[in-house]
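Trainee: I would like to check how some labels are assigned here. Can we go through them one at a time?
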Amino acid sequence: MGYLLWIFGFMGAHRFYYGRQISGTIWFFTLGLFFIGWIIDLFLIPGMSRSADRRYVAGPVDYNLAWILLTFLGIFGVHRFYMGKIFTGLIWLCTGGLFLLGWLWDLLTLNEQLSDVNRDY
């Protein structure tokens with residue numbers, strides 16, 4: 001999944017996926033550090049993956065599916081419905097991802113949210 005997101009990585013997608021929000025934001029605003037950092041990241045992905053595997057709790061709610069839902073249907077709250085957060089999913093659905101600010105918040109915190117949901121199972 002990391003390599004697939006790397007294709008769009010000049011916008012920081014793979015960095016957000018691996019829980020590196022600060023560098024993901026920098027990549028987003030600088031186009032992957034002017035594409036140089038983006039190319040270097042191709043070789044850093046295995047290490048980022050190992051680090052994320054140690055940091056986040058796996059469980060019945062799949063990280064890959066949640067990230068796909070957030071990426072493509074996030075403003076409709078589909079990822080929130082998937083995580084079992086029905087009330088906020090309805091809010092996202094009716095407000096366009098809470099006017100895109102909620103979608104941005106989820107982009108920055110989805111891994112932690114998923115760990116919490118998986119920990120509760």
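Trainee: Why does Leu100 count as partly exposed?
Mentor: This is a predicted model, and the relative accessibility of Leu100 in it is 48%. Leu100 sits in the loop between helix 7 and helix 8, and it is one of the residues of a nonpolar surface patch with about 870 Å² of accessible area together. Helix 5 gives the largest share of that patch, four residues.

Trainee: What makes Gly84 exposed?
Mentor: The relative accessible area of Gly84 is 52%. Exposed means over 50%, so Gly84 qualifies. Gly84 is in the loop between helix 6 and helix 7.

Trainee: Why is the contact of Arg55 with Glu112 called a salt bridge?
Mentor: The closest N and O atoms of Arg55 and Glu112 are 3.9 Å apart. The cut-off is within 4 Å, so the pair is counted. Arg55 belongs to helix 4 and Glu112 to helix 8, 57 residues apart. Both are partly exposed: Arg55 has 48% relative accessibility, and Glu112 has 30%.

Trainee: How do you know that Arg80 and Asp106 form a salt bridge?
Mentor: Their N to O distance is 2.7 Å, and the criterion is within 4 Å, so the label applies. Arg80 is in helix 6 and Asp106 in helix 8, so the bridge ties together parts 26 residues apart in sequence. Both residues are buried, a word that means under 20% relative accessible area.

Methods:
Residues numbered from 1 in each chain as written. Predicted model: local features only at pLDDT ≥ 70, side-chain atom pairs only at ≥ 80, totals over all residues. Heavy atoms only, no water. Patch = residues over 30% accessible without salt bridge, like charges linked within 9 Å, V, L, I, M, F, W, Y side chains within 5 Å. Areas by Shrake-Rupley, 256 points an atom, 1.4 Å probe, with all protein chains shown as cover. Salt bridge = Lys/Arg side-chain N within 4 Å of Asp/Glu carboxyl O. Helix = DSSP H or I, 4+ residues; strand = E, 2+ residues; numbered from the N terminus. Buried < 20%, exposed > 50% of the residue type's maximum accessible area, 1.4 Å probe, protein only.
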